[in-house]
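Trainee: I have the model open. Can we go through it together?
Mentor: Go ahead and ask.

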Amino acid sequence: MATVKFFGAVQEVTGSCHMLQSSAFGCVLLDCGLHQGGDRDKDEMASRFPFSPHQVDAVILSHAHLDHSGRLPKLVHEGFDGPIFCTPATADLLPVMLLDALGLYERDIEWENRRRLRRGDQPVSPSYTRADVEAALKLCHPIDYDSPFDFNDGLQITLFDAGHILGSAIVSVQFNEKGKTKKLVFSGDLGKSDTVLMRDPTVVKEANVVLMEGTYGDRDHRSLDDSFEQLEHILHEAWQRGGNVLIPAFAVGRSQELLHYLARLETQGKLDNWHIFLDSPMAIEVTKVFNKWLSLLEPEDLDASANDGHEIGSAIRHKLKFTVTPEESMAINTIRKGAIIIAGSGMCTGGRIQHHFKQRIWDNRNTVLFVGFQAKGTLGRAIVDGATHIRLFKEQFIVKAQIETVGGFSAHAGQSELIDWAGNFTSHPQMILVHGEADALDTLSEQLWDKHQIDAEIPFRGQTLTF
Ligand SMILES: [Zn+2]
Ligand SMILES: [Zn+2]
């Protein structure tokens, strides 16, 4: 008998973590992600695992995003020492992600302890350290796409391209129990079929159980061409207004896509004379990893017009500045108009984008352009939902900048694509919906029934499924 237990990204989009167990191979975690939004990361890091990390034999990591990988160092800190299976590109992205998160975490702890010191309280000790990050990275065991790997003499692991971000994988695991072959497929995060740079999510046809994400289970995105036009229009309008454009963007994927889009506009002669800043040390590092792995990306998008074959966005090289140091970042503040600033964090929960908001969100000539999903409880979501004032650095700011959203650039499959992907299974698997807010999953479940008579289940946190 095999079981899957759902610990995170259950009726919510972050904190992906599921446990698969069988006497055939032991105990394997699918992802070990961080909950984001709402609570601070440090509280999340302090919270206990609902299982003993010692009992886990291996982790299979779908991709490098922190909501899938962020708690790996804590898992190691608490005794996990098995392999972490992931694709080679994920293994390259992981140090960038985990070290960046560590930096933010250490700063949070330092501030917390300064506050405690002033109050006369005991300091808190960190839940993990740099040594744990380094140990976790050493445990990474890369597996190429489409290459089955045998673990513990009982579990065959295959990773397929999920088309979501560089290195992202659909995880397929197969094992034998009492002469019966069982197969579980975990979608990880599925990409959109028409995303630039990423290939299409791999079609999988066989499984007994499927764990499918449903981030956009309740809606479709606008088409990419529409979004591209929308981007051109928003930028041109901001240019004519004499404003600046602030784009909160995830360091992995969206930032590189944006460079690609801007380069495409440039080659089409549709980009005004902007100064473009990639104002995120992390996104800059990730861009280097992307440039190393161009062979994994969609060949059609790597056309000579926007890329010289070695570098994403090479057509805007003369307008583009990578700002690494805080001083370089602060120097952007002196620019009055004509700057496109791409900065993290993607949901505005921290990072340099908050400093740019402080400088510019109260000025109606500027534009804040959202190009990614904004989870409940985040500053980004509040702004998208029409907040007239926001609090930053203990100060109140009025939101006067134009707030725009271009939805078609999502790295996630829209509703129809999810339904199509699920409909490809010919083996009538048990379909489990994860990684989506409850409403989105409800809608997706209804649609799966209407379109393919798939009876999908939506688990709750801590639920166990037997198969
Ligand atoms: Zn993701
Ligand atoms: Zn995710």
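Trainee: How much area do domain 1 and domain 2 bury between them?
Mentor: About 2700 Å², with 66% of it on carbon and sulfur atoms. Buried area here is the accessible area (1.4 Å probe) that two parts lose on being put together, summed over both. Leu166, Val196 and Leu197 supply 27% of what domain 1 buries against domain 2, more than any other three residues.

Trainee: What kind of model is this, and how are things numbered?
Mentor: It is a predicted model, where local features need pLDDT of at least 70 and side-chain atom pairs count only at pLDDT 80 or more, while totals for chains, interfaces and linings use all residues. Residues are numbered from 1 along each chain as its sequence is written, chains are lettered from A and ligands numbered from 1 in the order written, and side-chain values use heavy atoms, with hydrogens and water left out.

Trainee: Where are the domain bounds?
Mentor: Domain 1 is 3-219 + 411-466, and domain 2 is 224-409. Those bounds come from an automatic or database domain assignment. The C-alpha centres of the two domains lie 27 Å apart.

Trainee: How many residues are in contact across the interface?
Mentor: 28 residues of domain 1 touch 31 residues of domain 2, contact being heavy atoms within 4.5 Å.

Trainee: How many salt bridges cross it?
Mentor: Two, by the rule: a side-chain nitrogen of Lys or Arg within 4 Å of a carboxyl oxygen of Asp or Glu. The largest share of the domain 1 side, seven residues, comes from helix 4 (residues 88-119). By class that side has 14 nonpolar, five polar and nine charged residues. Nonpolar covers Ala, Val, Leu, Ile, Met, Phe, Trp, Tyr, Cys and Pro, charged is Asp, Glu, Lys and Arg, and polar is the others, Gly among them.

Trainee: And how many salt bridges in the whole structure?
Mentor: 20. One is Arg381 with Glu437, at 3.9 Å, N to O. Arg115 and Glu112 form another, with their closest N and O atoms 3.5 Å apart. Those two are three residues apart in helix 4, so about one helical turn separates them.

Trainee: Switching topic, how many helices and strands does the chain have?
Mentor: 13 helices and 21 strands. They are DSSP runs numbered from the N terminus, helices being H or I with at least four residues and strands E with at least two.
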